[in-house]
Amino acid sequence: MNSILDPIVKSFQAPDLRRKILFTFGIFLVFRLFVFIPVPGVQREALSSFFQQNQLLSLLDIFSGGTLANFSIMALGLNPYINASIILQLATVVFPKLEELSKEGEFGRQKINQYTRFLTIPIAVAQSIGIYVLLRNQNIFNELSIVSLVAVVATLVAGSLLLMWLGELISEYGIGNGISLLIFAGIVGRLPVSLLQTASVINQETIFQTLVFVVMAIGVIAAIVFVNEGTRQIRIQYARRVQGRKMYGGNSTYLPLRVNQAGVIPIIFAVSLILLPGFLSNFLAQASNPTLASIGQDISGLFNPEGVFYNIFYFLLVVAFTYFYTAVTFNPEKISTEIKKYGGFIPGIRPGSPTKDYLSYVLTRITLAGATFLGIIAILPSIANAVTGVGTLVIGGTGLLIVVSVVLETTKKLESQLVMRNYDKYI
């Protein structure tokens, strides 16, 4: 425990790091205040009841930082920005000009960030209109005139852009990745409410199930840390070469291949796709045509979040997207070319194509472990609810994955800042 808290204690002792940490907490406070500013025209009781019955929207609410359940002016959360970032990452692989731009260092990164901000606006407009139509069909949102609808859409888009700006402020002036930290703050901010709800229903009959749930939660946190920190070290040996009277090379290093190479991105992809049948069934169920209404009811029953088919389909989607995103972000051919360019080789493996095949072989197998783990994390709420019967405390395996990952990442950044300060003292 001391080793975990040590970077935080030492960071508060350094004036510049203390200033960054306090700035980050100040942004958290602003964010939590905006969460409770509602958009007018929503029936709050009906909205709360709808979210309790719909696990798909509850899962989407995780990535909005808890703002969607309150339907605040930041109800869209960071979802439009996250979707825009994913689209730009995929476009970087497809379009050569964007790939060249991504290799131009700080300038290229700033340009891609600017394109991401521009793309966020139309995505936010589309999502705000979709959420309004969904809530109106459930009689949660009052019927609005064109002018009022434009005002609501503009408010939601502005709230999403404001939240994106707050995240960028944290990244520039605070500690850690601002977008991840804001999602982290939203998940942690809802935890006290979940604890109070759980405490209100605990009795002699449910105390054992609650203890089982707590043990499961501790085990899941330990597993997340273990998998996130797990890597396969590929040894790289560099050949010796003589230049003039000096000898260079001959040393060795390691290429770390992470077990969870894709992070939480595959779950975000899967959530975006798994929500579509639910939205489609809601539209078809209210159609005047009896055939369409029947199809909507069949789709709704098939994609019931508590059903077996839904959880199997969700699990397979996460596994498929993990392999897809890993293939996009890690290019064995490019890595093998770079190793060969600088005179390196994997012991026992010839440079060039054999190195590429070997890296693909290793990556495919360790990705299977990471993909299976992410799939289990995605369907963990259903598993925990079935085993323990406790549904009020389940923030989801995805929420735990985000919280633990952000804590680990932020702690590492604090440690790196402290190391840099120690180096500065000697210069």
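## Notebook: a walk through a predicted chain

**Entry 1, Val404.** I began with Val404, which is buried at a relative accessible area of 10%; buried means under 20%, exposed over 50% and partly exposed in between, with a 1.4 Å probe and protein chains only. I found Val404 in helix H18, residues 397-426. Helices (H or I, at least four residues) and strands (E, at least two) are DSSP runs, numbered from the N terminus. Which residues does Val404 contact, leaving aside its neighbours within four places in sequence? I noted Ile221, Ile224 and Val225, with contact meaning heavy atoms within 4.5 Å. I also looked up Phe184, 220 residues away along the chain: its C-alpha atom and that of Val404 are separated by 9.0 Å.

I number residues from 1 along each chain as its sequence is written, and side-chain values use heavy atoms, with hydrogens and water left out.

I checked pLDDT, the predictor's confidence in each residue from 0 to 100. The chain has a mean of 78, and 80% of its residues reach 70 or more. Which element has the lowest mean pLDDT, and which the highest? Strand E3 (residues 246-248) is the lowest at 62, and helix H16 (residues 353-378) is the highest at 89. Where pLDDT is low, the predicted coordinates should not be read in detail.

I counted 18 helices and five strands. Of the 427 residues in the chain, 41% are buried. For contacts with a separation of 6 or more, 72% come from residues 24 or more positions apart.

I then looked for nonpolar cores, which are sets of buried Ala, Val, Leu, Ile, Met, Phe, Trp, Tyr and Cys residues joined through side-chain atoms within 4.5 Å. The largest has 74 residues, and the ones with the most contacts inside it are Phe71, Leu135, Phe141, Leu182, Ile224, Ile267 and Tyr314. Another core, of eleven residues, lies apart from it and includes Leu359, Val362, Leu363 and Ile366.

**Entry 6, aromatic pairs.** How many aromatic pairs does the structure hold? There are four. Rings of Phe, Tyr and Trp (its six-membered ring) pair if their centres lie within 6.5 Å; planes under 30 degrees apart count as stacked, over 60 as edge-to-face and the rest as tilted. Phe23 and Tyr173 have ring centres 6.0 Å apart and planes at 70°, so I logged an edge-to-face pair. This pair links distant parts of the chain, with Phe23 in helix H2 (residues 15-35) and Tyr173 in helix H9 (residues 146-173), 150 residues apart. Phe23 is partly exposed at 31% relative accessible area, and Tyr173 is partly exposed at 44%.

Next came Phe25 and Phe28, whose ring centres are 5.9 Å apart with planes at 85°, so this pair is edge-to-face. Both lie in helix H2, three residues apart, about one turn of the helix. Phe28 is buried at 14%.

The buried residues of H15 (residues 332-341) are Pro332, Ser336 and Ile339. Why do I place them on the same side of H15? Because they cover an arc of only 60° around the axis, the arc being that of the directions from the helix axis to the C-beta atoms. The buried residues of H15 pack against strand E1 (231-238), strand E5 (344-345) and H16. At the N-terminal end, Asn331 caps H15, with a side-chain oxygen 3.1 Å from the backbone nitrogen of Glu333. After H15 comes Gly343, with a positive phi near 75°.

Beyond neighbours within four places in sequence, Thr120 touches Pro80, Tyr81, Ala84, Leu161 and Met164. Asn139, in the loop between H8 and H9, is exposed at 58%. Arg350, in the loop between E5 and H16, is exposed as well, at 65% relative accessibility.

Notes: A polar contact is a pair of N or O atoms within 3.5 Å; within protein, one must be able to donate a hydrogen and the other to accept it, and residues adjacent in sequence count only if both atoms are side-chain atoms.
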